[in-house]
Amino acid sequence: MKVAYIMSRFPKLTETFVLGEIEAMDALGADVEIYPLLRERQPVTHPEAERWTRRARFLPFLSLGILAAQGYFLRRQPAAYLRLWGDVLRGTWGSANFLIGALGILPKSVRFAYEMQLRGVAHVHAHFATHPAVAAYIVHRLTGIPFSFTAHGSDLHVDRRMLAEKVAAAAFAVTVSEYNRDVMVRECGEQVRNRIHVIHCGVDPDRFAPPARTGRIRPLRVVCVASLEEVKGHRYLIDACRLLRDRGVDFDCDLVGDGPLRDELARRIHRLGLGSRVHLHGGQPRQVIARMLRDADVAALASHPTREGKREGIPVALMEAMASGLPVVSTAISGIPELVDSGRSGFLVAPRDAEALADALELLASDEDLRRRMGAAARETVVREFNLAASARALYALFAAQAGDIAIPAGGATEAQAEAHAVTAA
């Protein structure tokens, strides 16, 4: 089965969930093609992405080939082609971001449609409910190839423009949490609930397997893996570190990631006198992150909703930490409580509450046995419910159902797989 993936940018260091899902689909036997809207150029990339970067269909915003594709559909389907332009522009009108983005991606998405038709693509899947889903919608409108999309976090919560149209046209939609599904149903209507499937992003538990804990006495090592942007709440974690220092707790905190707030956070660390305790490591490839998690004691993420409406889905960085046998300290927002059982696999506190973050970290610093019990429960949760292989099989089953192929790869049926069988049988 040939499946085309559309995403905003590729290869993007922070979107390991997209790369991991593509790798898992490939392992299941899907013939995966990649159509990024933009080529991401970063100083650090995951080594596993190199193979897929070489195969990706990177296109400029305009070229002779893109113009030829417009002519192709304009000659063969003039009414459908012109109506598509009108529907997309009308659907994105009122938002400068969506409208300009739509004007930018529409011509190349028409070229995607032309190429996917020639290459025999059976299904198109987009990651993110924003412009990638619009691109998949365009392909479907011109070719009839079924499409789906996964809604994650801020792509769903900031601006839901055209969401109802995309859900209505999609063969099905996916989201990463029950919280997100409820948001989508409120926006699109109760009638779409059964067409929106909750399939957790997952991680490979073997890649992030925990080491044998030595029980050695040392400073508590806290790790936070997250882009340095407002929604991740680093300022509150840094403030919690100041409280820990003032309380006499011995700790080190590693901030792994990069982003627009790096300089501001560096100044905050310096101003609070935490330069010897809180360390900025920049973006790191997956194998380095796995090694840092193996050497840590606790994972922390102080996410909070922003004024613009940005909000987490379920952070994959927390799944990786939990798979590594770490207890988690995070915030009780969005889908995070669906991953972290507060009091069992970690602690969840209110957003923007540095004191509560410090209290939870101090408790874990003082009780090694508690860390060990919570870490074991955290890994058990990921292996059972956030396992990349199982999530990929569930999504593959839905692809296969739309393609008229109900052969499900070995590994056990899930609710989504059973539903895919039922859809095909009907």
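Predicted model: local features only at pLDDT ≥ 70, side-chain atom pairs only at ≥ 80, totals over all residues.
Residues are numbered from 1 along each chain as its sequence is written, and side-chain values use heavy atoms, leaving out hydrogens and water.

**Stop 1: salt bridges**

Select aspartate 31 and lysine 2. Their side chains form a salt bridge, 3.8 Å from N to O. A salt bridge here is a side-chain nitrogen of Lys or Arg within 4 Å of a carboxyl oxygen of Asp or Glu. Aspartate 31 sits in strand β2 (residues 31–39) and lysine 2 in strand β1 (residues 2–10), so the pair ties together parts that are 29 residues apart in sequence. Helices (H or I, at least four residues) and strands (E, at least two) are DSSP runs, numbered from the N terminus. How many salt bridges does the structure hold? There are 38.

Next, select aspartate 359 and arginine 247, whose salt bridge has an N to O distance of 2.8 Å. Aspartate 359 belongs to helix α15 (residues 354–366) and arginine 247 to the loop between α10 (234–246) and β8 (251–256), so this pair ties together parts 112 residues apart in sequence. Aspartate 359 is partly exposed at 39% relative accessibility, and arginine 247 is partly exposed at 33%. The cut-offs are under 20% relative accessible area for buried, over 50% for exposed, and in between for partly exposed (1.4 Å probe, protein chains only). Now pick out Arg218, Arg221, Asp252, Asp254, Asp295 and Asp297: salt bridges that share partners join them into one network.

**Stop 2: helix α12**

Select arginine 286 and glutamate 48, which meet in a salt bridge of 3.6 Å, N to O. Arginine 286 is in helix α12 (residues 286–294) and glutamate 48 in the loop between β2 and α2 (49–55), 238 residues apart. Is arginine 286 buried or exposed? Arginine 286 counts as buried, with 6% relative accessibility.

Stay on α12 and colour its buried residues: Arg286, Val288, Ile289, Ala290, Met292 and Leu293. They pack against α1 (16–27), β7 (220–225), β8, β9 (278–282) and α13 (316–323). Arginine 291, also in helix α12, is partly exposed at 47% relative accessibility.

**Stop 3: the nonpolar cores**

Show Tyr5 and Met25, the residues with the most contacts inside the largest nonpolar core, which has 94 residues. Helix α17 (residues 388–403) gives the largest share of this core, eight residues. A nonpolar core is a set of buried Ala, Val, Leu, Ile, Met, Phe, Trp, Tyr and Cys residues joined through side-chain atoms within 4.5 Å. Leaving aside neighbours within four places in sequence, methionine 25 is in contact (heavy atoms within 4.5 Å) with Tyr5, Ala30, Val32, Ala392, Leu395, Tyr396 and Phe399.

**Stop 4: two packed helices**

Finally, select helix α5 (residues 96–119) and helix α6 (residues 131–143). They pack at an angle of about 45°, with their axes 8 Å apart. Axes are lines fitted to C-alpha atoms, for helices over the stretch in contact, and angles run from 0 to 180 degrees between N-to-C directions. Among the residues making the contact are Phe98, Ala102 and Ile105 of α5 and Val134, Ile138 and Leu142 of α6.
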